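Thanks for coming, everyone. Let me put the sequence and the model up on the screen, and then we'll walk through it together.

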Amino acid sequence: MSSIDLTAIGAVVFDIDGVATDTARVHAAAWKHVLDGFLRGRGEEPFDIRSDYLRHVDGRARLDGLRTFLSSRGLEVPDGSADDEPGQVTVHGLAGAKDAFFLEQVGKYGVAAFPPAVALLHELRRRGCRTAAATASRHGRALVQGAALAHLFDLIVDGHDAALMNLPGKPDPALYLEVARRLDLPPERTAIVERALAGIEAAHKGGFGAVIAVEDASDLAEVTVLGRVPRPV
């Protein structure tokens, strides 16, 4: 069982997809939808949501995840540019098709918050702890708002912010370090709640005071919150 000691931790940062919102599975399904046809045309095995998505794509910025996956299969396609048509056989084109399908699914079915995450956020804030959301997804703010969670976070930093600052993606800790900087807290007084392997690695590399690694959001129901954040004198 994991615990968060608020006498030592002043803020808790949540990844969004698969931790706060039920959108990781939508990302995975979107990648499979786009990549299966591409792989079939090259005589490759279909995209596997566990062995491919979780190992190579999950938690990474969209382009980084696609490049990592292609490398794992020994496949090369041109990088292309942001102007490529969705579906064009370039890194940008395939990623654009994935993004379009993801947004279509979210628009059709909405975004659901995980109840254990909501309960933990309420408990942390009741005890005086600041909370933030961080994600490699450029749609992070829209997902948080769509799940009606915005009022539970003091700060949201997403992939759009990371791109503006030219931050390297996970497993580099830059995104999480930027969140801690904006919260005006050192990493050792900040906790990270993560599910993706790349994100867990990033949190450990960043020297954060606590890393709560979960397999899925149901694990958050087992997290114990200890103490209160001391009030400034």
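Let me start with a question: is Asp-158 buried or exposed? With a relative accessibility of 2%, Asp-158 counts as buried. By "buried" I mean under 20% relative accessible area, "exposed" is over 50%, and "partly exposed" is in between, using a 1.4 Å probe and protein chains only.

Some housekeeping before I go on. This is a predicted model, where local features need pLDDT of at least 70 and side-chain atom pairs count only at pLDDT 80 or more, while totals for chains, interfaces and linings use all residues. Residues are numbered from 1 along each chain as its sequence is written, and side-chain values use heavy atoms, with hydrogens and water left out.

Okay, back to Asp-158. Its side chain meets that of Arg-141 in a salt bridge, 3.2 Å from N to O. Arg-141 is in helix α6 (residues 140–146) and Asp-158 is in the loop between β4 (155–157) and α7, so this pair ties together parts that are 17 residues apart in sequence. When I say helix or strand, I mean DSSP runs numbered from the N terminus: H or I with at least four residues for helices, E with at least two for strands. And a salt bridge is a side-chain nitrogen of Lys or Arg within 4 Å of a carboxyl oxygen of Asp or Glu.

Lys-170 sits in the loop between α7 (159–164) and α8 (174–183), and Asp-15 belongs to strand β2 (residues 11–15), so the pair ties together parts 155 residues apart in sequence. Both Lys-170 and Asp-15 are buried. There's a network here too, with salt bridges linking Asp-15, Lys-170 and Glu-194.

One more pair, Asp-79 with Arg-67, has a salt bridge at 3.0 Å, N to O. Asp-79 is in the loop between α3 (62–72) and α4 (91–109), while Arg-67 is in helix α3, 12 residues apart. Asp-79 is partly exposed at 35%, and Arg-67 is partly exposed at 32%.

Now the sheet. It's an open sheet of five strands, in the order β4-β3-β2-β5-β6, with parallel pairing. Strands pair, by the way, if DSSP finds at least two bridges between them. β4 and β6 are at the edges with a single partner strand each, so one side of each has no neighbour in the sheet. On average, neighbouring strands are turned by 20° against each other, direction ignored.

Let's follow Val-13. Five bridges join β2 to strand β3 (residues 130–134), and in β3 the bridge partner of Val-13 is Ala-132. β2 also pairs with β5, over four bridges in the parallel sense, and there Val-13 stands opposite Ile-192. Moving along, β5 and β6 pair over four bridges, again parallel, with Ala-191 opposite Ala-210 in β6.

What about the faces of β5? Thr-190, Ile-192 and Glu-194 lie on one side, Ala-191 and Val-193 on the other, and all are buried. As background, in a regular strand the side chains alternate between the two faces of the sheet.

Let's turn to two helices. Helix α1 (residues 24–40) packs with α3 at an angle of about 35°, and their axes are 13 Å apart. Axes here are lines fitted to C-alpha atoms, for helices over the stretch in contact, and angles run from 0 to 180 degrees between N-to-C directions. From α1, the contact is made by Trp-31, Leu-35, Phe-38 and Leu-39, and from α3 by Arg-62, Leu-66, Phe-69 and Leu-70. Contact means heavy atoms within 4.5 Å.

Last stop, Leu-220. Leu-220 is in the loop between β6 (210–213) and β7 (224–226), and at 3% relative accessibility it counts as buried. Not counting residues up to four places away in sequence, Leu-220 touches Val-19, Pro-116, Ala-117, Leu-120, Val-193 and Val-214.
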